[in-house]
Amino acid sequence: MSWDRVPVDLSGIRVLTQKDEFKGERVISYREAIREALSSALGRDTRVFIFGEGVDDPGGVFGTTLNLHKEFGQERVFDTPICENALTGIAIGASLAGLRPILVQMRTDFMLLSMDQLMNHAAKWKYMFGGKVSVPMVVRTIIGGGWGSAAQHSQPLQGLFTHIPGLKVVMPSTAYDAKGLLLSSIHNESPVVFVEHRWLYDHKDIVPPEPYFIPLGKGSLRREGKDLTLIADSFMVILAMAAARVLEKEGIDIELIDLRTIKPLDYDLILNSVKKTGRAVILDFGYKFCGISSEVSSFLMENAFEHLETSVLRVALPDVPTPASPILEKAYYSGEEQIITEVKRVLK
Amino acid sequence: MKNLVIDTGILKKMYYYLVKIRRFEEKIIELYPQQEMRCPVHLYIGQEAIAVGFCANLKKEDYVFSNHRNHGHLIAKGVDLKPMFAELYGKITGCSKGKGGSMHMVFPERSIMGTSSIVGGGIPIAVGTALASKMNRDERVVVVFFGDGAVDEGVFYESLNFASLKKLPIVFVCENNFYATNSPQENRQVNPDIYKIADFFLMPGVCVDGNDVLEIYKIAKEFIDRAKHGSGPSLIEARTYRWKTHVGPETDIEKGFRDEKEVAEWVNKCPLKKFEEHVLRNNLLEKKDLQEVGKKIEKEVQEALDFALTSRYPEEEDLYKDVY
């Protein structure tokens, strides 16, 4: 099965993977970068352990945990029963006892079975006890559909996680960020939901071999421009970059913000950019209804209204479950052409 | 184990905690109508022997996980009454700085790492600390207390399986008081023998009189030692009765939820009375020993209450602290 086959057209989009941009520096994929971050954390910190369904199998969660159990032992990298709620509680307990658990939930849909422990417990544990204890744990989870994954194997639920005070939610779009943000997530004192995108696993980037940390809550300016700000997360950053190149040829100068962390949001970066450009289109690989795009949009209405020259538009997933048929799937996911259309609507 | 002779010092200590829990909660009942303790309180009166019998076998660094009905477990684990009363009154000196209330008490200094009020919610978290104990090889045992209601929840079974699979140092203690809020056990569970669930998970399961602190002490000792020595988890069902209503200072009689006769039968099996009669009849302790404990506790309760009442409330800006 071609699980990694991407239903949107990616021809010529691997803008972050152009070899000639790298000038002889080391280039590895998003999946390798995640594995390298995990290996680095396991090697440097004996409190770190990884558990979840199939983390020690020959697939190694799309290669991200491949053979780590051989390197660091079965006690620190281990397979588990299929009991998402208990596993999340176990991560909480282990972190309360001083460990740094990393729980892998191969598909975000399965995390819905753990919402009691994640939302009622992990998210609230520090606050409920006046800061006397904290829960430094990471739940790694994977979004991105395709190949008829359908309604229960491809839900992007990041908006749901951000709704709950107490959780941090991270969505890297590049291999460099995946490593640096994962290391920061592991060494952070709060529960973090680390949302990976399956379509990004083969994307390559310059990734330094040594450990490094990208601060949570800080976005990145991927491209400077003066006409309009695209505010994107995860895979949408890749599409946005492609759209920006097309628009450049038409004389439209795009500024691109990669949110990197969607909770907490980097409000300063968003505000400063929109103050400059006066226009924004928000791109989220998640549901449009009550999602990240609605949140950023209302933030702009509340804080940047006087700087906006036109209304803010959004590109996000429609308010329907994911369909299986390739024709419907293609219609479900947005590509760069939708972004270009919305940008032009704003600039009209 | 049946013939285990319990040291006089331990007997005195257990009596001290039995009475301390009872008096603490009686004070809550007395003062609750003033509406100054503005949080739901789930009272433990009638069930004290279970917390006391187990915690008497634990060290400071052994973990205890409780539930919404947590006062007894915290007191038996040695938590001071001052931060507990202050928490009930929503004061900054409360054990959770006024953010938790009665249902969410914490006391890391006694290895109480937080208390969930979601039925069954604390069980997997307790298993997680047991996993850490095993990984850290530090011999810290975990005891998790929950009610018969938690046995309705799926996460209970998930947790038992994981703990047994990994042979973790944890004792699961089900305080079966036969009601989940107002729903009797027979409306909810097909098999009344909760301890038998242990069989399927290949761990020992034992049923004990939850009002007999001496029996509980012995059983607890056996299974805590077992866990400590790497032989894995166990499930203890302690049958008992909650004298008061599910939440609040009243009883269920005036609310019409329970039969007066049923309550009276269980009140007659009072764990404190049972203990007192036993130790006096067998000359294990003297009447004056018991009286001294009573006086000491009365003073402690009053001091804790004064501390809580004179403490200040959190500042409004504390609302935003400690989220992340």
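## A predicted two-chain model

The crossing of helix 1 and helix 2 of chain B is right-handed. Helix 1 of chain B covers residues 8-31 and helix 2 of chain B covers residues 48-55; their axes come within 9 Å and cross at roughly 140 degrees. An angle over 145 degrees would count as roughly antiparallel and 65 to 115 as roughly perpendicular, with the rest, apart from angles under 35, being oblique.

On the side of helix 1 of chain B, the residues that meet helix 2 are B:M14, B:Y17, B:L18, B:I21 and B:R22. Their partners in helix 2 of chain B are B:E48, B:A49, B:A51 and B:V52. Sorted by class, this contact between helix 1 and helix 2 of chain B holds seven nonpolar and two charged residues, with no polar ones.

Helix 1 of chain B also contains B:I10. The C-alpha atom of B:I10 is separated by 7.4 Å from that of B:A56, although the two residues are 46 apart along the chain. Is B:I10 exposed, partly exposed or buried? B:I10 has 13 C-beta neighbours inside 10 Å and therefore counts as partly exposed; the cut-off for exposed is 12 or fewer.

Taken as a whole, chain B has 13 helices and seven strands. The C-alpha atoms of chain B fill a box of roughly 55 × 50 × 40 Å along the principal axes.

Two residues of chain B stand out by their backbone angles. Most residues other than glycine have a negative phi. B:N283 is not a glycine, yet its phi is positive, near 50 degrees. Where in chain B does B:N283 lie? B:N283 is in the loop between helix 12 (271-281) and helix 13 (287-310) of chain B. Because 7 other C-beta atoms lie within 10 Å, B:N283 is exposed.

The other residue, B:D322, has a positive phi of about 70 degrees and is likewise not a glycine. B:D322 belongs to the segment after helix 13 of chain B. B:D322 has 18 C-beta neighbours inside 10 Å, so it counts as partly exposed; 20 or more would be needed for a buried residue.

Chain A has 12 helices and 14 strands. The radius of gyration of chain A, 20 Å, is close to the 20 Å given by the globule rule for 348 residues, so chain A is as compact as a globular protein of that length. Along the principal axes, the C-alpha atoms of chain A fill a box of roughly 60 × 45 × 40 Å. Buried residues account for 57% of the 348 in chain A. Among the contacts of chain A between residues at least 6 apart in sequence, 82% link residues at least 24 apart.

A helix pair can be followed in chain A as well. Helix 8 (residues 235-249) and helix 12 (residues 336-347) of chain A have axes that come within 9 Å and cross at roughly 55 degrees. That angle makes helix 8 of chain A oblique to helix 12 of chain A. Helix 8 of chain A passes helix 12 of chain A in a right-handed crossing. Helix 8 of chain A contributes A:L239, A:A240, A:A242, A:A243, A:V246 and A:L247 to the contact, and helix 12 of chain A contributes A:E336, A:I339, A:I340 and A:V343. By class, this contact of helix 8 with helix 12 of chain A has nine nonpolar residues, one charged residue and no polar ones.

Chain A also has a backbone feature to note. Most peptide bonds are trans. The bond joining A:K263 and A:P264 is cis, with omega about -5 degrees. A:P264 is in the loop between strand 12 (261-263) and helix 9 (267-277) of chain A.

In the contact between them, 32 residues of chain B touch 33 residues of chain A. Which elements give two or more residues to the chain B side? They are helix 5 (122-136) and helix 6 (154-165) of chain B. Helix 5 of chain B supplies the largest share of that side, 10 residues. The side of chain B that touches chain A consists of 16 nonpolar, 11 polar and five charged residues.

Technical notes: Residues numbered from 1 in each chain as written. Chains lettered and ligands numbered in written order. Predicted model: local features only at pLDDT ≥ 70, side-chain atom pairs only at ≥ 80, totals over all residues. Contact = placed C-beta atoms within 7 Å. Helix = DSSP H or I, 4+ residues; strand = E, 2+ residues; numbered from the N terminus. Nonpolar A, V, L, I, M, F, W, Y, C, P; charged D, E, K, R; others polar. Rg over C-alpha atoms; globule rule 2.2 N^0.38 Å. Axes fitted to C-alpha atoms, helices over the stretch in contact; angles between N-to-C directions. Left-handed = near helix turned anticlockwise from the far one by under 90°.
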